[in-house]
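Here are some friendly notes to read alongside the model. Please keep the structure open and find each residue as you go.

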Amino acid sequence: MSPPTKQNYLKSYYQYIINNFITLLTIPLAAAAAAHLHRLGPDGLIGIWESLNTIHILCSVFLLILISTIYILSKPRSIYLVDYSCFKPPFTFRVPFATFMEHAHLVLKDHPESVDFMMKILERSGLGEETALPPSIHYIPPKPTMEKAREEAEFVMFSAIDNLMKKTGLKAKEIDILVVNCSLFSPTPSLSAMIVNKYKLRSNIKSFNLSGMGCSAGVISVDLAKDLLQVHSNSCALVVSTEIITPNNYHGTEKAMLLPNCIFRMGAAAVLISNKSRDRRRAKYKLLHIVRTHKGADDKSYGCVFQQEDSEGRVGVHLSKDLMRTAGKALKSNITTIGPLALPASEQLLFVLTLIGRKIINPKWKPYIPDFKQAFDHFCIHAGGRAVIDELQKSLQLSAQHVEASRMTLHRFGNTSSSSVWYELAYVEAKGRMKKGDKIWQIAFGSGFKCNSAVWKCNRRIETPVDGPWKDCIDQYPVSVLDVVKL
């Protein structure tokens, strides 16, 4: 670490003064008021009180009560994350590199160029040897039947929900709202109906099933639950985020559609969100902000992640070469919105002054990139791939530790789609780094094209968990991830 410079000291003083400006201004004003009251003495204060008209006092009290009532009624309900649980695949579902490539050679034996491409992607993917795929994909050839897809969905979702209920003591009849998101598997009856049937949830439950919304749908589900909890008082919502791999494994040879096979893996998360006052103390986190950005009006953004058929009629997800450029644009729009909500006054002022300077004085001035490390203590960047994490680390000027949770989640579990941000949050907790008052920024990207953010504040002291997806391996992390792993 480089020693602090004069410039760093000056910036620290600037940040302290601007971020505490109101406090610094209030102290001398309060001191002046106290000195004035001291000069008046008891007789002066009694004289002022006696000079007041009874009607004036009553009107002032009424106005104070009216303003307080309006403020309380207009204030949004506080939304709390009570707890969450991530699915952990069994060891038997593990897909080491050697197994993955052996299957690729056998399934695509007539297309060696496709096998070579998959090997190059896997070598540079940032994935480790412990990621998992469902049993149907382990068959040669794979058996992506509807029955196997339902079995996978039941296994990952029910495992996460069972563990969440065990951790929180939640009973099925206490669930008022159910939101399930899964982008590519949308059977009838729906996945939300599958959960209602399994746990015999109430007949008046408000259930929703989101599909086709990509890897950022987990944040969308939380946003939907938040909006519903603003309407329905004293309620709790169960949010389930997953992606079912079985029916979506591509069996063709088009390179842009083979890429998802190399990085997507099994995963699911169940999250309990509540607005009940009794959950305030036990809840782990409080929701501060959700910002959603949708770039679907632009044709290139809309088509950069697209489910389609290849020339031989095989269905898969096509990833465009414009994906990273599109993600960068979506991120820029998203942080433009979330910046004023989350950044301290010192960073906002520097950004505005630089913007004005570029417009009026010199357009060649380098634009000021706000220091989001001043606003957030932990970053949960969607583990969509090594390139995604690299780009965000560069754009937001983050350190290696800030993106550690994302890189290690990608290494251990692969791209689990919408649930990845919960595995990353679990990593931070498992490392014992979460403290009361810490702020967490979850950033996710998805087809459409979307960039969605959620900001949470740690509500209480978080004990290092004894269970969870990192239970038996957290001591091995962080690991050094090579740029290229030769297979």
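1. **Ground rules.** Helices (H or I, at least four residues) and strands (E, at least two) are DSSP runs, numbered from the N terminus. By that count the protein chain has 16 helices and 11 strands. This is a predicted model, in which local features need pLDDT of at least 70 and side-chain atom pairs count only at pLDDT 80 or more, while totals for chains, interfaces and linings use all residues. Residues are numbered from 1 along each chain as its sequence is written, and side-chain values use heavy atoms, with hydrogens and water left out.

2. **The whole chain.** The C-alpha trace spans about 100 × 60 × 45 Å along its principal axes. Of the 487 residues, 46% count as buried; buried means under 20% relative accessible area, exposed over 50%, and partly exposed in between (1.4 Å probe, protein chains only). A contact means heavy atoms within 4.5 Å. Among contacts between residues at least 6 apart in sequence, 79% join residues at least 24 apart.

3. **A salt bridge across the sequence.** A salt bridge is a side-chain nitrogen of Lys or Arg within 4 Å of a carboxyl oxygen of Asp or Glu, and this rule gives 18 of them. One joins the side chains of aspartate 83 and lysine 167, at 3.5 Å from N to O. Aspartate 83 belongs to strand E1 (residues 80-86) and lysine 167 to helix H7, so their pairing ties together parts that are 84 residues apart in sequence.

4. Now look at glutamate 151 and lysine 148, whose closest N and O atoms are 3.9 Å apart in a salt bridge. Both residues lie in helix H7, three residues apart, which is about one turn of the helix. An α-helix has 3.6 residues a turn, so residues three or four places apart point the same way. Glutamate 151 is partly exposed at 37%, and lysine 148 is partly exposed at 27%.

5. **One more pair, and a network.** Arginine 325 has a salt bridge to aspartate 322, with the closest N and O atoms 2.6 Å apart. Arginine 325 counts as exposed because its relative accessibility is 51%. Salt bridges with shared partners also link Asp83, Lys167, Lys284 and Glu429 into one network.

6. **Aspartate 176.** Where does aspartate 176 sit? You will find this residue in the loop between helix H7 (146-168) and strand E2 (177-181). Aspartate 176 is buried because its relative accessibility is 14%. Beyond neighbours within four places in sequence, its contacts include Arg202, Asn234 and Lys276.

7. **Two crossing helices.** The axes of helix H15 (residues 404-413) and helix H16 (residues 420-430) come within 9 Å and cross at roughly 115°. Axes are lines fitted to C-alpha atoms, for helices over the stretch in contact, with angles from 0 to 180 degrees between N-to-C directions. H15 and H16 therefore count as roughly perpendicular, the word used for 65 to 115 degrees (under 35 is roughly parallel, over 145 roughly antiparallel, and the rest oblique). Residues making the contact include Met408 and Phe413 of H15 and Tyr423 and Tyr427 of H16.

8. **Helix H10.** In helix H10 (residues 255-263), the buried residues include Met257, Leu258 and Ile263. The buried residues of H10 pack against helices H4 (97-107) and H5 (112-123), and against strands E7 (305-309) and E8 (315-319).
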